[in-house]
Amino acid sequence: MRNPLSWPARLRKQSPLSFRLLGYIILCSSVFTLVASAAQVYVDYQADVSAIRERLSDIEDGYKSSLAGSVWAIDEDLIRLQLEGITSLPDISRARLRMYPDAELTVGDVPADAGTASHSFTLSRSAEQDYQLGRVTVTASLESANENLQRNIQVIFTTQALRTFFISLLILWIFQYFVARHLGTMARYTRQFTLRNLDTPLRLDRNRRGKSVSDELDQVTDAINSMRERLRSDLERQQQDAREIRKLSLALEQSPSSVIICDRDWRIEYVNNKFLQLTGLSRDDVLGQYPAYLTQDTLSGDQNQELWKNVRLQAQRAGVWQGEMQRTRENGERFWEQVVVTPIKDERDIPSHYLILGEDISIRKRYEQQLLRQANYDTLTGLPNRMLALDRLKLALAQSRRDGSMVGVMFLDLDNFKHINDTLGHEAGDNLLIEGARRISACLRGTSTVARLGGDEFLVILPSLSSPAAVEQVAERILQTFVPPFHLADQEVFVSTSIGIALYPGDSDDSTNLLQNADAAMYEAKHRGKSAYQRFQPEMKEVSQERLQMESLLRRALEMQEFELHFQPIIRMDDRQLVGAEALLRWESPTLGEVSPDRFIPLAEETGLIISIGRWVLQQACQAVSRWNQEREEPLCMAINVSPRQFRDPHFVETIRAALDESGLGGESLELEITERLILDNNIDTDRVLAELDAMNVRLSVDDFGTGYSALGYIKKYPFDTLKIDKSFIHDMTTKADDSALVRAIIQMAHSLSLQVIAEGVEAPEEFEFLKKENCDYAQGFLFTPPLREDSFITWLNGTMDR
Ligand SMILES: Nc1nc2c(ncn2[C@@H]2O[C@@H]3COP(=O)(O)O[C@H]4[C@@H](O)[C@H](n5cnc6c(=O)[nH]c(N)nc65)O[C@@H]4COP(=O)(O)O[C@H]3[C@H]2O)c(=O)[nH]1
């Protein structure tokens, strides 16, 4: 489609600068040409006028003397002729001669509309005489000069105008081609320039090959292109930053840690989702608040202020604050956070914001507190344990060293606890400990400490005492508080306590020694009859040290083969025939000498060593009786003592089975002596164990019958074969009516339950006779022989057989 605009209009539209430039060039060159041409015309005109004026002067020179002669001669014709000669000269239009005094002759006319130039000169007779004859005035017409002027004006102006016009056109083309169109390209480029279109550089349609010097257009192009490059890299950086910011803000938002950002005045500006989840607060609740708002429920006003003052100072000075804070959720529940506070600095390294990162450590804290509690407190009684008690004792000692006071240390042990625990069960034992702990605590004032050291042992620390009497008063109070019975397993049980006392600084200035000394004093108190307190005396130390020593020796006794079995015959009363033997353990320690089972068996039970020792006893006894039976027609039965601790061993039945298998013995050749307290031990799966043993035909007897607390129902319930009457009843039965009645009743009751009866500790023939009369089945005791080594036992056996 053709452009409907005219060329100048198009030019004006597309290239207004060129068009305006053209106007300016034409205007300027026109003005310049005008001025120059005017000057030229004026100069030419002035030259023409000057030529006329020169001619007028030349007329004076040429005609002055001849005219003067003619006037002198008054030759009018000649004068006229001369004047006509003058007027015939180019441009001279009139010559007028005034002759003195009053004549005048004029030749020619002065043109009316043209300018003139006149020249007058005086005619005189001679120059020396200076006699004036007249005056000639020659007037020249400037008409030709004016005509020249007009013509010049036309020619010059026309040519100059044309030249100016064409030169302007040329300049315009040059400008348009070399400049304006490129400016147009630049204008179009920059008009179309957007941030989405930064890859296309500006290119001008110019042939710049081989041009080493860049011109202004190159410079502007380069400037635009480098601006585009800068913009592009800025934009890329901005996009990269935006991506980073988006990533970071997502990370913040989805962070598993709670995030709070405060402004430079510590007002909360941002909180992330985790924070909202954790606290149950809404953004409106917290934005604009100070972070102290978050801990105001868990700390007092002063503590809260102090805490956040520290946080601010440290975050600003050290660049970080780290610590733990307790906060409250919306529902009032408290939780712990591990908090890190750091400043966010601006480009001038000045904090512009503060970042508060929090991690919920409630579980860890609970676990820590639980561990701390477990590490420091006894779970059953809630009292401090040995570790915490020792810390407190050390603190009390340090305090007393400073103020010169005394510290009382009491070691308490519940008398018969073990027995109660074994007979009434662990639950009753636990309740006894709890109640015992409560009673002891009730006797003490605030600064004292009561701790459970383990088992039935308690420690009381009485700090800052002024006299030893105070400790004894407390000990007395504790003994009194144990007088009322304990209600355990639906029974009233009387439990006393034995107390050992050691004092700082008198008995020792060292916490470990003080404890050892109090322990030794407690053993002494127990030894002297229980339910008593005893002050430490240096000689007591030996006793407790002996116990410690025995424990360490006992641990190695089995390995060092220091044990031996002795055997005590069991005699049938009817015919005084040997039916079996009881295996009794002996310990011959190279250090301690012969140690009684009454001393080391309880220790072995306490330490758990009884399990391995008992296994050894079982193996040895089974093998012994197996050996003996090989040569006997009537096989002997081996009675073995079993402690509750062995029964609690999950491998106990297997141990029995293995011992029988290894020795080739039948179950009926083995009798396990079980105490009453073992049967009543709730921790033992008695039903199952006894049923399994019964299934193996192993005989079961109740040992020490009559010394226990409980009812007799269990005898019926379990598959017992024999009752063993405790030797304490046998000993007194011939002298005490009660005991004889009791022994009689036991025998009758046992028989009524189809149980056989063994009387233990039969020493005297009258005892034997009594028992025989009462139909007791078997007897065992010094009357026949004390427990013997195997070789002696065999000798004894052979001797008896021989008899
Ligand atoms: N006064 C007097 N005593 C007599 C008479 N006849 C026997 N005895 C003693 O009475 C105890 C009988 O054993 P126990 O009541 O089961 O009492 C045993 C038993 O409970 C325990 N014991 C011994 N050996 C073992 C063992 O291998 N395992 C376990 N668990 N306990 C054992 O040690 C306790 C003491 O054993 P022993 O000192 O050997 O003491 C033995 C024995 O020497 C007598 O006529 N008069």
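Colleague: How much of the protein is made up of buried residues?

Modeller: In this predicted model, buried residues make up 31% of the 803 residues in the protein.

Colleague: And how many helices and strands does the protein have?

Modeller: There are 26 helices and 25 strands in the protein. As for contacts with a separation of 6 or more, 60% of them are accounted for by residues 24 or more positions apart.

Colleague: Let me switch to the open sheet; what is the order of its 5 strands?

Modeller: The order is β6-β5-β9-β8-β7, and the pairing is antiparallel. The edges are held by β6 (268-271) and β7 (321-328), each of which has a single partner strand, so one side of each is left without a neighbour in the sheet. On average, and with direction ignored, neighbouring strands of this sheet are turned by 30° against each other.

Colleague: How many bridges are there between β8 and β9?

Modeller: Strand β8, residues 334-345, pairs with strand β9, residues 351-360, over 9 bridges in the antiparallel sense. Within that region, Ile344 has His353 in β9 as its bridge partner.

Colleague: Now the ligand: which residues come nearest?

Modeller: Of the 23 residues around the ligand, those that come nearest are Leu585, Pro597, Asn641, Gly781 and Phe782. The elements giving two or more residues to this shell are β18 (578-589), α16 (597-607), α17 (610-630), β20 (637-642) and β22 (699-705).

Colleague: Which element gives the largest share of that shell?

Modeller: That is α16, with 3 residues.

Colleague: And how do the residues of the shell divide into nonpolar, polar and charged?

Modeller: The shell around the ligand has 9 nonpolar residues, 7 polar and 7 charged.

Conventions: Residues are numbered from 1 along each chain as its sequence is written. This is a predicted model: local features need pLDDT of at least 70, side-chain atom pairs count only at pLDDT 80 or more; totals for chains, interfaces and linings use all residues. A residue is near a molecule or strand if its C-beta atom, placed from the backbone, lies within 6 Å of it. Helices (H or I, at least four residues) and strands (E, at least two) are DSSP runs, numbered from the N terminus. Ala, Val, Leu, Ile, Met, Phe, Trp, Tyr, Cys and Pro count as nonpolar, Asp, Glu, Lys and Arg as charged, and the others, Gly among them, as polar. A residue is buried if 20 or more other C-beta atoms lie within 10 Å of its own, exposed if 12 or fewer, and partly exposed in between; C-beta atoms are placed from the backbone. Two residues are in contact if their C-beta atoms, placed from the backbone, lie within 7 Å. Two strands pair if DSSP finds at least two bridges between them. Axes are lines fitted to C-alpha atoms, for helices over the stretch in contact, and angles run from 0 to 180 degrees between N-to-C directions.
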